[in-house]
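Please open the structure in a viewer and keep the selection tool at hand.

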Amino acid sequence: YIDGLLQASGTKAQSDFDWQERVHFGFSNDAATDYMEGMLDDARIYNRPLKAAEIAWLAGKREPMPKPF
């Protein structure tokens, strides 16, 4: 999701993070450059998948939708 709009989706049989001790935002060993250029203004980790309406609400698309959760 970017600004509350789905950009891509898919499924995975297992996590790619099984060998890591922590999550790094803005860093990837697999990208052309190791570090993302730019800034993250909001990063969150949830213990469940969010619904599309929840993501839209979090992205600031609140009108005319009430808080969905």
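The model is a predicted one, in which local features need pLDDT of at least 70 and side-chain atom pairs count only at pLDDT 80 or more, whereas totals for chains, interfaces and linings use all residues. Residues are numbered from 1 along each chain as its sequence is written, and side-chain values use heavy atoms, with hydrogens and water left out.

Next, colour by secondary structure. The protein chain has one helix and zero strands; these are DSSP runs, numbered from the N terminus, with helices (H or I) of at least four residues and strands (E) of at least two.

Now display the surface. The accessible surface of the protein chain comes to about 6,600 Å², and 52% of it belongs to carbon and sulfur atoms; such areas come from the Shrake-Rupley method with a 1.4 Å probe, and for residues only the protein chains shown count as cover.

Select Val23, Phe25, Met36, Leu40 and Ile45. Together they make a nonpolar surface patch of about 510 Å². A patch of this kind consists of residues with over 30% relative accessible area and no salt bridge, with nonpolar side chains (Val, Leu, Ile, Met, Phe, Trp, Tyr) joined within 5 Å and like charges within 9 Å. Within this selection, Phe25 is found in the segment before α1 (52–58) and is partly exposed, at a relative accessible area of 48%.

Move to phenylalanine 27 and tyrosine 35. Their rings form a tilted aromatic pair, 4.9 Å centre to centre with 55° between the planes. Rings of Phe, Tyr and Trp (its six-membered ring) pair if their centres lie within 6.5 Å; planes under 30 degrees apart count as stacked, over 60 as edge-to-face and the rest as tilted. Phenylalanine 27 is partly exposed at 27%, while tyrosine 35 is exposed at 58%.

Then select glutamate 54 and arginine 48. Which interaction joins their side chains? They meet in a salt bridge (3.0 Å, N to O), defined as a side-chain nitrogen of Lys or Arg within 4 Å of a carboxyl oxygen of Asp or Glu. Glutamate 54 is buried at 4%; arginine 48 is partly exposed at 39%.

Finish at glycine 4, in the segment before α1 and buried at 13% relative accessibility. Beyond its neighbours within four places in sequence, glycine 4 is in contact (heavy atoms within 4.5 Å) with Ile55, Ala56 and Ala59. Glycine 60 is 56 residues from glycine 4 in sequence and 7.9 Å from it in space, C-alpha to C-alpha.

How values were computed. Buried means under 20% relative accessible area, exposed over 50%, partly exposed in between (1.4 Å probe, protein chains only).
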